[in-house]
Amino acid sequence: MIKDILFDLDDTIFDFGKAEENALKKTLLSIGVEPTEEAVKRYSEINLSQWKLLELGKLTRKELTVRRFKIFFDELGIEADTEKVNETYKKFLSQGHFFIDGAEKLLDELYGKYRLYLASNGTACVQSGRIASSGISKYFEHIFISEEIGFNKPSREFFDACFAKIQNFNADSTVIVGDSLTSDILGGINAGIHTVWFNARNQAGREDIKPEYEIKNLRELAGLLREYNVTEF
């Protein structure tokens, strides 16, 4: 029976794509660069690739935050102070939030029935600002941010640090719900807990990373939990 649920934040509870686009456009305008659709799309691709390297332990967080803009600006032929630009971008990214469809309703439905937690690889100051503006902290027993913990998903160290703060932790009664196979699902598998892949974008699966369950819409999760808690997850 599931008692504890770890939720990823970006692209699981919050729509990171919208937040990223909004913050990047404001950042580029602040340095006199036109935020074209092509430029926004290319930055998103570069940013994602750098986060994947962070997951693999090939980049530090500090290297990532500067490197993504350096690659982006080099491709566009823009001269700018990448560290200053990154600080501006983080400021805009931390302001406001956009919910994934059904996220607020899901949290309302699950609250009080399960112990809920957030487990995010995002930057602490950015996530804190967005969580505060959304008012969702009331739903969660604890909020785990990798920058504060000192380890990133999918490392076992990240999950061990989370489990150490969960009272009467039991792997068999714990599940992680997230959109990333390489971060959330692989991390959950390695940590020995149950896994639910939130695959709203209909991404292709991977033979080497197999979640226990896959959902396309957050509305499916409550029913899945009810169904499998009658027998076993």
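P154 sits in the loop between α7 (146–149) and α8; here helices (H or I, at least four residues) and strands (E, at least two) are DSSP runs, numbered from the N terminus. The structure is a predicted model, in which local features need pLDDT of at least 70 and side-chain atom pairs count only at pLDDT 80 or more, while totals for chains, interfaces and linings use all residues. Residues are numbered from 1 along each chain as its sequence is written, and side-chain values use heavy atoms, with hydrogens and water left out.

Most residues other than glycine have a negative phi, and most peptide bonds are trans. The bond that joins K153 and P154 is cis, with an omega of about 10°. Two residues other than glycine can be visited next. D11, in the loop between β1 and α1, has a positive phi near 65°. N168, placed in the loop between α8 and β4, also has a positive phi, near 55°.

The sheet comes next. Strands of a sheet pair through backbone hydrogen bonds, either parallel or antiparallel. In this model 6 strands form an open sheet with parallel pairing, in the order β3-β2-β1-β4-β5-β6; two strands count as paired if DSSP finds at least two bridges between them. Because β3 (142–145) and β6 (213–215) stand at the edges with a single partner strand each, one side of each is left without a neighbour in the sheet. From one strand to the next, the twist averages 20°, where axes are lines fitted to C-alpha atoms, for helices over the stretch in contact, and angles run from 0 to 180 degrees between N-to-C directions.

The chain passes from β2 through α6 to β3 in a right-handed β-α-β crossover, that is, with the strands pointing away from the viewer, the path from the first strand over the helix to the second runs clockwise.

On a 1 Å grid over the protein atoms alone, a pocket is an open set of points with protein on both sides within 12 Å along at least five of seven lines, a cavity is a set where a 1.4 Å probe fits but cannot get out, and lining residues have an atom within 4 Å of a point. Points are joined across faces, edges and corners, and a volume is the space filled by probe spheres set on them.

The largest pocket has a volume of about 940 Å³. Of its 42 lining residues, D10, D11, F16, L48 and D179 are the closest to its centre. Helix α2 (37–55) gives the most to this lining, with 8 residues. By class, the pocket lining holds 13 nonpolar, 12 polar and 17 charged residues; Ala, Val, Leu, Ile, Met, Phe, Trp, Tyr, Cys and Pro count as nonpolar, Asp, Glu, Lys and Arg as charged, and the others, Gly among them, as polar.

The largest cavity has a volume of about 30 Å³, and its lining includes A19, N22 and H97.
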